Amino acid sequence: GNKTVVITEDDFSRLDEGEFLNDTIIDFYLRYIQDRLQKAHPEIARSTYIFNTFFYKRLTQRINGVKGAFDNVKKWTAKVDLFSMKYVIIPIHERAHWYLAIIVNLCELGKEHGGDQSDQSPGERKHKDDVRRPVIFIFDSLKLRHNTVFRPLRDYLVAEAQDKRGITIERDQIKSKYGYAPAQPNYCDCGVYVAHYVEAFLSKPEALVPLLVDTQNKKKVVEQQLDRLWETDKLSSKREYMQNVILELKKEMQASGQDKIEPLPMSDTGIEEFDGPQVYESIQAETSEVIEDDAIDSEKEPCGSGEQSTMEGFRDSSNEVSEGQNVSI
């Protein structure tokens, strides 16, 4: 049957100012985004696949001491061909912090792009190639590095291609890049920013991707254009907007005699079904689980998903990255 997102009072309270968003709210909002996308931009919806918040955790879960076994998530895409997708969305929660991976242009793997390019400069040809190249983008509202995230995602794609299509792709065919995106002004809005990143990106991906890979123009000019496309001005009221979305849907559900927030069937969204409970419990900050990543220290609290983390610090200036930085892992 269809999975249902049940939003409790506690879940809803996570949208109050100063609170950390949990997995329930983010998964719900991703489904809401997909529903709206199908109506407003069906062509983008057809070329987009959105994983839920449990995918990356499951992908990198240790089984018998081995981390990142493909078999952990092999069945998650049984009914979908990721390599026909232009945009693959992966929300990630690690160390009480939300950030986002977006993989673009998987549908371009193995394609040859010929044509007469004699009238183009080397820079123009390179930019055109970069726009079509498969890339794993990481967007982090605290500007933190996540270099160890690229390898399991790349390994997953290599295994997925072999398993589902019987083809071999090389890891270096899929590039890695930190994408420029708005930065949060506090340490509690990371989940809000992830939700906004997904919504803004899918509303105009054809405009964003060329700018995200642009190395020809001045960085400041590119970032100004990106700020406009990211609709940065909407972020300050995003929590209130998300609250209103839920309240309006609740009214619709109540009017139709339903008592659950269920905006659309999961099977209609392209969002991956998973072996999880129908009623999600609020995630707690995972301070007891050691995740292999950059060593991160700071004097400030991290973002969280449900509770204030007891971790000591999260941010270090040495772990900040320049947007547009390429990563080779």
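This is a predicted model: local features need pLDDT of at least 70, side-chain atom pairs count only at pLDDT 80 or more; totals for chains, interfaces and linings use all residues.

Modeller: Ala96 counts as buried, because its relative accessibility is 0% and the limit for a buried residue is under 20%. As a general rule, most residues other than glycine have a negative phi.

A second residue may be set beside this one. Lys143 has a positive phi of about 60 degrees, although Lys143 is not a glycine. Lys143 is found in the loop that runs between strand 6 (135-139) and helix 6 (147-165). Its relative accessibility is 13%, and therefore Lys143 counts as buried.

The loop between strand 3 (66-67) and strand 4 (87-94) holds Thr77. Is Thr77 buried or exposed? With a relative accessible area of 0%, Thr77 is buried. From C-alpha to C-alpha, Lys74 and Tyr156 are 9.1 Å apart in space, while 82 residues separate them in sequence. If residues up to four places away in sequence are left aside, Lys74 touches Asp163 and Lys164.

The protein as a whole gives these details a setting. It contains 10 helices and 8 strands. Of its 329 residues, 52% are buried. Among the contacts with a separation of 6 or more, 74% join residues 24 or more positions apart.

Helix 2 (residues 23-40) and helix 7 have axes that come within 10 Å and cross at roughly 15 degrees. Helix 2 is therefore roughly parallel to helix 7, since an angle under 35 degrees counts as roughly parallel. The crossing of this pair is right-handed. On the side of helix 2, the residues that meet helix 7 are Ile26, Tyr29, Leu30, Tyr32, Ile33, Arg36 and Leu37. Their partners in helix 7 are Gly191, Ala195, Val198, Glu199 and Leu202. By class, this contact has 9 nonpolar, 1 polar and 2 charged residues.

Helix 7 (residues 190-203) also packs with helix 10 (residues 238-255), at an angle of about 75 degrees and with the axes 10 Å apart. The two are therefore roughly perpendicular to each other, a term that covers angles of 65 to 115 degrees. Val192, Ala195, His196 and Glu199 of helix 7 meet Lys238, Arg239, Tyr241 and Met242 of helix 10. The residues of this contact divide into 4 nonpolar, 1 polar and 3 charged.

Helix 8 (residues 205-212) and helix 9 (residues 219-229) form the remaining pair described here, with an angle of about 155 degrees and axes 10 Å apart. Helix 8 is therefore roughly antiparallel to helix 9, as the term applies to angles over 145 degrees. Their crossing is left-handed. Helix 8 contributes Ala207, Leu208, Leu211 and Leu212 to the contact, and helix 9 contributes Val222, Gln225, Leu226 and Leu229. What classes of residue make up this contact of helix 8 with helix 9? There are 7 nonpolar residues, 1 polar residue and no charged residue.

Two cysteines complete the account. Cys188 is buried, because its relative accessible area is 13%. Cys190 has a relative accessible area of 0% and is therefore buried. How many disulfides are counted? When a disulfide is taken as a pair of cysteine sulfur atoms within 2.5 Å, the count comes to 0 disulfides.

Technical notes: Residues are numbered from 1 along each chain as its sequence is written. Side-chain values use heavy atoms; hydrogens and water are left out. Axes are lines fitted to C-alpha atoms, for helices over the stretch in contact, and angles run from 0 to 180 degrees between N-to-C directions. Helices (H or I, at least four residues) and strands (E, at least two) are DSSP runs, numbered from the N terminus. A crossing is left-handed if the near helix is turned anticlockwise from the far one by less than a right angle, and right-handed if clockwise. Contact means heavy atoms within 4.5 Å. Ala, Val, Leu, Ile, Met, Phe, Trp, Tyr, Cys and Pro count as nonpolar, Asp, Glu, Lys and Arg as charged, and the others, Gly among them, as polar. Buried means under 20% relative accessible area, exposed over 50%, partly exposed in between (1.4 Å probe, protein chains only).
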